[in-house]
Amino acid sequence: MAAPAPPTTQEILILYGSQTGNSESAAHELSSLLPTKLPPSKLAEYDGPPHLALASRVLSLDDFLEVERAKWPRIVVIVTSSYGVGQAPLGARKFREWCDVVLERYGYLPEGGDDPNDERGRRYKSLNEKEKILKGVKFALLGLGDSHYSTFFRNPTVIEEALTTVGAERIGELGKADASGTGEMEQAKVIERWMEGIWKDLAKAVAEDYKGKNGQMGHALELERAREESWKLCLEIFPEWKPTNYWAMVGVSLPASAVVIGILVHLFFYGGKL
């Protein structure tokens, strides 16, 4: 049996959460630059497939969960800020809630746990392979905020911790763009430098996936599991997202409809004498 033909296109999702529009604008800029920054010739420099064209779509983090049903691609790029006291901005509130549940279920140990402390004094659970529900997913992350607030980077931090806790792998530097930054640390300059640096990291990550005999098939199985487990968790957290069982509703409504019709027929023929 002949081996399947290698893919000619690959999609990278660019996901955002944005309160003032800055993160959304950066996400769209990344998407518009991607075809020229990562053409097949650039991938070939890192021993990637010479005929692979990359495409991108921009979605809010919440739409990725609800509309896309957490259909993880191999690589996502996340651009998000914090809002208020470390909360998620518009378009990322459901995703943040999902991340909070991930950390509660798979991440932090209760007080008295035996695992070593991390640099913030937290203790983490040791997960088995089955619990690493995002194994196979890679992500790049650019966080925006304002250091006038002590929790300005809280939301990007929680997202990174949740994704890596359950097996996702971060690509490149964690971007920290501060609205109160000055000089070379001005937010716009930090965003620009992060974008320039991330293209090389993305090219390497894409090229790496096509090395090895069974790499793509293995990734496909991992990503399908990531989607299934992520969507299952979504339905636990957001039961209103469960699809309506049309035929069950019909089964319930038909007997009631028959009773109503029977009463109307009786009234028509017998003049209201029940």
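Where is the place of Asp47? I found Asp47 in the loop between α2 (40–44) and β2 (53–60). Helices here are DSSP runs of H or I with at least four residues, and strands are runs of E with at least two, numbered from the N terminus.

Before going on, I noted that this is a predicted model, where local features need pLDDT of at least 70, side-chain atom pairs count only at pLDDT 80 or more, and totals for chains, interfaces and linings use all residues. Residues are numbered from 1 along each chain as its sequence is written, and side-chain values use heavy atoms, with hydrogens and water left out.

Most residues other than glycine have a negative phi. Asp47 is not a glycine, yet I read a positive phi of about 65°. Asp47 is exposed, with a relative accessible area of 59%. (Exposed means over 50%, buried under 20%, partly exposed in between, with a 1.4 Å probe and protein chains only.)

Next I checked Ala70, also not a glycine, with a positive phi of about 55°. Ala70 sits in the loop between α3 and β3. Ala70 is buried, at a relative accessible area of 0%.

Is α5 enclosed or open? I got 10 of its 12 residues buried, so α5 is largely enclosed by the rest of the structure. Among the buried ones are Pro156, Val158 and Leu163. After α5 comes Gly167, with a positive phi near 105°.
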